[in-house]
Amino acid sequence: MAGTPGHRFEDRVREAVVEAALGTLDLDAKARLLSGQDTWTLPALPEIGLRSLVMSDGPIGVRGVHWSADDPSIALPSPTALAAAWDPELARRAGVLLAQEARRKGVHVLLAPTVNLHRSPLGGRHFEAYSEDPHLTGVIGSGYVNGVQSGGVGTTVKHFVANDAETDRFTVNNLVSPRALRELYLAPFEHIVENAHPWGVMTAYNSVNGTTMTEHRYLVNEVLRGEWGFDGCNVSDWTAARHTKNAVEGGLDAAMPGPDTVFGAPLAQAVRDGEIDESVVDDAVRNVLRLAARVGILDGAEPAVTDLPAPVDGPALAREIARRSFVLVRNERAALPLKPGTVALLGAAARDARVLGGGSATVFPDHVVSPLDGLTAALPDGTLSYAVGADPATELAVTGKEFALRAVCRDAAGETIGTTPLASGQIQWMGSDLPAGVTHEALHTVELTGSFTPRGSGPHTFGIKGAGAFTLTVDGITHFDDVQRPADDADPFEAFFGAPVPRAHPELVAGRPVDVSLTFVVALPAGIPMQVIAFALAHQEPQRDADELIAEAVEAARAADTAVVVVATTERVESEGFDRTDLALPGRQDDLVRAVAAANPNTVVVVNSGSPVELPWREEVAAVLLSWFPGQEAGDALADVLTGAHEPGGRLPTTWGSLADAPVTRVTPENGELPYTEGVFIGYRAWERHGRTPSYPFGHGLGYTEWTYEAVDADTTTVRVRVRNSGARAGREVVQVYLAPAEPDTPAGDRPARWLAGFAAVEAAPGETVEAVVELPHRAFEIWDETDNRWACVKGSYEIQVGRSIADRRITATISV
Ligand code: BGC
């Protein structure tokens, strides 16, 4: 692993190679290097032995340069799930796997991890961030970065900084106090820079206190590089670089994506015009070349990693992370693990699991194990029944494997110039990533064509996602032949993340295949300076009567010993590019749970959502298990936990409660500004300050055994806790240490009643006593003093509170600093 340049012999050698390479480049080549050549790469410079640097999203898998189901990737559980395991070593192992995936796909830099905070549960991309707590976020993020980089692959810790919601994300000016910035939003980045030496960061779209982040000299050059010693490469979020001089002088090194960016030719010109000093360009080139050298694509420089880690079994790790992330928030009368007997499995998401969040974090796994698959394999034959119960997908979804589609590319004369099979109805071709033989110059139309065999009879709905001229034909009838326009205020990535529009409602018969065709007249989307062809065919099955579906589920529940209901959000609820408007489960799922719980006292609810949802029936059911977006091995991991082969290992990395009680709910800017008026009080800090009781507190999560907290011994650096496994089976406990100041209010500002200072996990057999050792970071005792613009230790008395969650504190000690 690399430290800061100059620290070690290999680093000094690498720096010398970088310097020599820089010295031979002319201005045009330097400017060119800083500008994306296409959607995912920087240009090669053969004259210095530099190959093209390839980047890819992140964070749950490595999609590679093709946005397509034809190029599958391992899909791990969502980042919040990873954080729920409270295990930096597990995060490191996830990183090692991702480096292996990146190498397999020829990717040098992973656009991850996302370490923005859960400021509000309404944040649409909440699932992609770790936690509401900066310390937990920093620790998990460090583990992840260390893992990825130990495999010789770079990271870009993102999105620097305060990209905590999606509404108007390109333009919003977040007004954040220096204290909140330092203590909350910058803290994970700082922790990761110190503990994992990331080779990159990604600067966000948004502004902070009046300056857009790709031009934020103070936060990038002074804080990130100056104070913290970050020596990596600063890559813009996609299309976030807007101004040549301000961006390069603001510390931006690479403007992505290309080919048209504010760097490249405009940058060389600005230097020639005397607007920018060439030495500023040289600094940026140095940072890009250092990254290239570290990942091993600059001749003469030894890569930062020469001994690769041992190969990782991706599906096995995905399954392990999933079961370690599931949070059992309620388990009355030991409803779980399941007793022998019959099980009624209910819910649309039990059959079609939602295993990952949408947006740029999307990857395409080569298989998904649904809860139905997993439980069918794990339970004895004849003991499992299934009913849909309620379908949350009240909207169209991109077509999947039920359609056999191919894309036919034609030129303006209507001649076929290329074809390619498709694993889904989504086309997302970027840059030169086109079917063989096809060029952007020649391409005039793309037709998705093939057949579809309906699962049910009745009115099916077909829809179109994307903007432009389309023709949609189903079963020989043309239903739409017109231009579909985006809303005026649409996100420029609408064609990727926006909602499909219903355009046809043909009556179809179950089992009778029909021909389907969707033709798009190629036009590059407005507002995105890159060559992208993006659109999709969407579909929805005929909708069955909702009451009938619930009644069917109730019957199945009544006939079984246990009912397991899987409830879920949809891609229209949680994804990138928009925020949530409420925390309710979509469709009739709440009604389904209530009806099933009334019919069967042994009702277990599995909540398949990336971020908090309201569970108004939670006291009416026997058990509630949060499974997040559990990744491709979802169903097997669920079976592991439900059957008791493994205990659920997760603890809440974020508070779950109702929207009415949630302390921070404003995510919509007014006149372009979003003031973070709550200061340092987000998450549990805010719930406690407002005296509100959430549904499930931060840190909460049950296993299958019991723990007794026997003794604590603490000083200002180390807390030693003795815990005994007082239950009947082996288990793992996350011992959490909260720091509660005797005087929360200080002249420099009010502090929370308590905060997470550290944690450690222990494992013990039944009856065994073990010691957890938790190191306290000095930062835990510090406040950001806005008057002197520095960290200040707040002296006084603190209670060390040790327990199972912020609300379940078992044992205390008092210390003075
Ligand atoms: C997202 C980034 C992502 C990038 C490339 C942006 O819209 O905000 O997180 O890495 O796209 O897909």
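In this predicted model, the protein is divided into two domains, with domain 1 spanning residues 397–540 and domain 2 spanning residues 705–816. The C-alpha centres of domain 1 and domain 2 are separated by 54 Å.

A helix pair may be considered next. Two packed helices are described by the angle between their axes and by the distance between those axes. For helix 16 (residues 546–558) and helix 17 (residues 589–599), the axes come within 9 Å and cross at roughly 30°. Angles under 35 degrees count as roughly parallel, and helix 16 and helix 17 are therefore roughly parallel to each other. The crossing of helix 16 and helix 17 is right-handed.

The residues that form this contact can be named on each side. Helix 16 contributes Ile550, Ala553, Val554, Ala557 and Arg558, which meet Asp591, Leu592, Ala595, Val596 and Ala599 of helix 17. Classified by residue type, the contact between helix 16 and helix 17 comprises eight nonpolar residues and two charged residues, with no polar residues.

Threonine 211 is located in strand 8, which covers residues 211–212. The relative accessibility of threonine 211 is 28%, so this residue counts as partly exposed; that class lies between the buried limit of under 20% and the exposed limit of over 50%. When neighbours within four places in sequence are set aside, threonine 211 is in contact with Asn206 and His216. Glycine 250 lies 39 residues from threonine 211 in sequence, and the C-alpha atoms of threonine 211 and glycine 250 are 9.8 Å apart in space.

Technical notes:
Residues are numbered from 1 along each chain as its sequence is written. This is a predicted model: local features need pLDDT of at least 70, side-chain atom pairs count only at pLDDT 80 or more; totals for chains, interfaces and linings use all residues. Side-chain values use heavy atoms; hydrogens and water are left out. Axes are lines fitted to C-alpha atoms, for helices over the stretch in contact, and angles run from 0 to 180 degrees between N-to-C directions. Helices (H or I, at least four residues) and strands (E, at least two) are DSSP runs, numbered from the N terminus. Angles under 35 degrees count as roughly parallel, over 145 as roughly antiparallel, 65 to 115 as roughly perpendicular and the rest as oblique. A crossing is left-handed if the near helix is turned anticlockwise from the far one by less than a right angle, and right-handed if clockwise. Contact means heavy atoms within 4.5 Å. Ala, Val, Leu, Ile, Met, Phe, Trp, Tyr, Cys and Pro count as nonpolar, Asp, Glu, Lys and Arg as charged, and the others, Gly among them, as polar. Domain bounds come from an automatic or database domain assignment. Buried means under 20% relative accessible area, exposed over 50%, partly exposed in between (1.4 Å probe, protein chains only).
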